[in-house]
Amino acid sequence: MRVSVIGGSSIGSETAAVAEALGERLAERGHVVVCGGLGGVMAAVCRGARSRDGETIGILPTSDRRDANPHVTVPVATGLGHARNALVVMNGDAAVAVDGGSGTLSEIGLALAQGRPVAGLDTHDVEGVEAVGSPAAAVEYVERAAGLD
């Protein structure tokens, strides 16, 4: 399945390690990562997925595919700015939120409005988001919630 990974664009090394481990786990389980295609959580999750030969789709806010982080295998230029957040979550069967600010919060809301299951790793405390303690638990939750268990 496709899993939208949403999170902060400016993160510390601990959050980067969590996002990278999440990308590794998603790729190992055969899932495609969908994200916003830029830095922070997006770059870390893509780096992890690519380290396991996973596919990564970056839905960019800009109009230039070259703006994607180097670990995106399929960059999609939109020119939509933050409005592209809807496309990020609509192109996943489920979502995992890692850390994040207001952009992540908007993506969580959009994912929930679209009926997507959402796992949260150290992110906003929002009704409908399943708080989990590890990347493995996040993957297990979205697989189960999407009926893949």
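## The largest pocket and beyond

Reply: Start with helix α4, which gives four residues to the lining of the largest pocket, the largest share. Helices here are DSSP runs of H or I with at least four residues, strands are runs of E with at least two, and both are numbered from the N terminus. Keep in mind that this is a predicted model, so local features need pLDDT of at least 70, side-chain atom pairs count only at pLDDT 80 or more, and totals for chains, interfaces and linings use all residues. Residues are numbered from 1 along each chain as its sequence is written, and side-chain values use heavy atoms, with hydrogens and water left out.

So what counts as a pocket? On a 1 Å grid over the protein atoms alone, a pocket is an open set of points where a 1.4 Å probe fits, with protein on both sides within 12 Å along at least five of seven lines; lining residues have an atom within 4 Å of a point. The largest pocket holds about 270 Å³ of space, the volume being what probe spheres set on the points fill, with points joined across faces, edges and corners.

Go looking for the centre of the largest pocket, and Gly-7, Ser-9, Met-42, His-82 and Arg-84 are the nearest of its 19 lining residues. Besides α4 (102-113), the elements giving two or more residues to that lining are β1 (2-7) and α3 (85-90). Sort the lining by class and you get seven nonpolar, 10 polar and two charged residues. In that sorting, Ala, Val, Leu, Ile, Met, Phe, Trp, Tyr, Cys and Pro are nonpolar, Asp, Glu, Lys and Arg are charged, and the others, Gly among them, are polar.

While we're with α4, have a look at Glu-107, which lies in that helix. Glu-107 is buried yet has no salt bridge, and Arg-84, the nearest side chain of opposite charge, is 5.0 Å away. Buried means under 20% relative accessible area, exposed means over 50%, and partly exposed is in between (1.4 Å probe, protein chains only). A salt bridge needs a side-chain nitrogen of Lys or Arg within 4 Å of a carboxyl oxygen of Asp or Glu. As for charge, Lys and Arg count as positive and Asp and Glu as negative, while His and the chain ends are not counted. Leaving out residues up to four places away in sequence, Glu-107 touches Ile-6, Gly-7, Asn-85, Val-88 and Val-89, where touching means heavy atoms within 4.5 Å.

Met-42, one of the residues nearest the pocket centre, takes us to helix α2 (residues 41-51), where eight of the 11 residues are buried. Among them are Met-42 itself, Val-45 and Cys-46. Their cover includes β1, α1, β2 (32-35), β3 (56-60) and β5 (94-98).

Next come the salt bridges, five by this rule. In one of them, Glu-20 pairs with Arg-47, with the closest N and O atoms 3.1 Å apart. Glu-20 sits in α1 and Arg-47 in α2, so this pair ties together parts that are 27 residues apart in sequence. Both ends are partly exposed: Glu-20 has 23% relative accessibility, and Arg-47 has 30%.

Arg-52 and Glu-28 also meet in a salt bridge, at 2.9 Å from N to O. Arg-52 is in the loop between α2 and β3 and Glu-28 is in α1, so here the parts tied together are 24 residues apart in sequence.

Arg-29 is partly exposed at 44%, whereas Glu-143 is buried at 7%. Other buried residues of α5 include Ala-138, Val-139 and Tyr-141, and the cover over its buried residues includes β1, α1, β5, β6 (118-121) and β7 (129-131).

Finally, the second largest pocket has a volume of about 150 Å³. Helix α1 (residues 13-28) gives the most to its lining, three residues. Among the residues lining the second largest pocket are Glu-14, Val-98, Leu-121 and Pro-135.
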